Amino acid sequence: MYNARMTFAIDNFIAEEYFLPTKEKYELKEEKESGKSLLVLAVDGEHICVEEYDKKKRCGFLREHSKFGMQKCIDHFVLKNNGQAWDLHMIEMKSSIGNKTWNDIKLKMRSSLFNVKALCVFLGITVENIYTYTTYENERFIPASSTTDPKTIVPLLGKKAMDSKRDEWDKNIMKLSIDEVVTLPHRAIQMVRSEAGELQGTLNI
């Protein structure tokens, strides 16, 4: 399925079972005590899927201080061949989304983006397009003009503050602060709670 370069990397460079066995449909889970989520993910074409990325080893040379957010990590990701290069799909699963949660998700996306790109060097592939996804049940944003907690609107690395819901969430984008503000497509996936209390949803890539 993969070319010779990728196959060599998977067999010689990458830890065993780092990638899920390739199939057309995956059941990606989040099993925290605060709540369980299940995302049924369908993927066609050549791809790589990594579940529970936050529990796997990543680049060990990144800063550890929490203010930089470089130790944060998303739940799952997919690399998919688009015919010319590869697209990166990053997935974070939450029960509710608010100002603080959104800022935390953006830190996870930023650090994970660089970690995955480093992984791609070993695989010998290039990331062309980047897509972000958040699963959730409830939306609890507070307008920046009315919040009583200034920490919820503090921007990354001293950048200009913005209204997360108005400027990002409602526009289906996510803005990450690197050396400049990088804008990525974002898709919010609202989950449905089952009778057993599990949040469930679907995503087709």
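Two strands are said to pair if DSSP finds at least two bridges between them. Helices (H or I, at least four residues) and strands (E, at least two) are themselves DSSP runs, numbered from the N terminus. The model examined here is predicted, so local features need pLDDT of at least 70 and side-chain atom pairs count only at pLDDT 80 or more, while totals for chains, interfaces and linings use all residues. Residues are numbered from 1 along each chain as its sequence is written, and side-chain values use heavy atoms, with hydrogens and water left out.

E9 pairs with strand E10 (residues 181–190) in the antiparallel sense, over five bridges. Four of the five residues of E9 are buried (under 20% relative accessible area, where exposed means over 50% and partly exposed lies in between; 1.4 Å probe, protein chains only).

Six strands build an open sheet of mixed pairing, in the order E3-E4-E5-E7-E10-E9. E3 and E9 stand at the edges and have a single partner strand each, so one side of each is left without a neighbour in the sheet. On average, neighbouring strands of this sheet are turned by 25 degrees against each other, direction ignored. Such angles run from 0 to 180 degrees between N-to-C directions, with axes being lines fitted to C-alpha atoms, for helices over the stretch in contact. Contact means heavy atoms within 4.5 Å. Helix H2 (residues 99–123) lies across E3, E4, E5, E7, E9 and E10, and runs at about 75 degrees to E9.

Asn172, in the loop between helix H3 (164–167) and strand E9 (173–177), is not a glycine, but its phi is positive, near 60 degrees. With a relative accessible area of 47%, Asn172 is partly exposed. Glu52, also not a glycine, has a positive phi of about 50 degrees. Its place is the loop between strand E3 (47–50) and strand E4 (76–81), and at 32% relative accessibility Glu52 counts as partly exposed.

Finally, helix H1 (residues 4–12) holds Phe8, which is partly exposed at a relative accessible area of 46%.
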